[in-house]
Amino acid sequence: MRGRITGRFHLILFAIAVFKNDEDMAAMRLSESTGHEVLEGDPDNLHIEVELLFEDYPLQMDEVLVALRSVQSYVRNTEEVVEIELDLLRNRIMRYKMLLELSGLVAGVAAAVTGAFGMNLVNRLEDHPTMFYNVSAALIVTMAAMGYTILRQLSADNDL
């Protein structure tokens, strides 16, 4: 669209350049072809009225082009702001996804340890009266330590 408007603007400027040329205007005989009375005087100056009409068009076209460029700049700036906001949202989503995956890792480690103890293998630990509580406490502490380390690392990475 911008190319069309600027192309038309250049065509109008070319036409106005033709209208400023006294010989071309006199050769067109605009006042004679309209059927109006021909003004008395120098026939080369009959085009002055038409020339005055077209003197205002470049200024109007300049105003239109300035407004068009202003709107284009506004749209471009708005697109950049929207892209920045979308990047921020994408980064937040990626962070939450990573937190969920790391939480799954921590839970998987605990599940692996409990699976190893739940295989019904015979060893002397089954007879110990507090071994279940000791292993459970160790798993909870290990999971909490892994989770804390992961969250601390993520918060340190976000501060950069």
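Tutor: Buried means under 20% relative accessible area, exposed over 50%, and partly exposed in between (1.4 Å probe, protein chains only). The model is predicted, so local features need pLDDT of at least 70 and side-chain atom pairs 80 or more, while totals for chains, interfaces and linings use all residues. Residues are numbered from 1 along each chain as its sequence is written, and side-chain values use heavy atoms, leaving out hydrogens and water.

Student: Why is Arg 90 called partly exposed?
Tutor: Its relative accessibility is 45%, and partly exposed is the class between the two cut-offs. Asp 87, at 35%, therefore counts as partly exposed too.

Student: What makes Asp 87 and Arg 90 a salt bridge?
Tutor: A salt bridge needs a side-chain nitrogen of Lys or Arg within 4 Å of a carboxyl oxygen of Asp or Glu. Here the N to O distance is 3.1 Å, so the pair qualifies. A search of the whole structure finds one salt bridge.

Student: Why are Asp 87 and Arg 90 about one helical turn apart?
Tutor: Because they are three residues apart in helix 4; helices are DSSP runs (H or I, at least four residues), numbered from the N terminus.

Student: What makes Phe 132 and Tyr 133 an edge-to-face aromatic pair?
Tutor: Rings of Phe, Tyr and Trp (its six-membered ring) pair if their centres lie within 6.5 Å; planes under 30 degrees apart are stacked, over 60 edge-to-face, the rest tilted. The structure holds one aromatic pair. Phe 132 and Tyr 133 have centres 5.6 Å apart and planes at 75 degrees, so the pair is edge-to-face.

Note on methods: Helix = DSSP H or I, 4+ residues; strand = E, 2+ residues; numbered from the N terminus.
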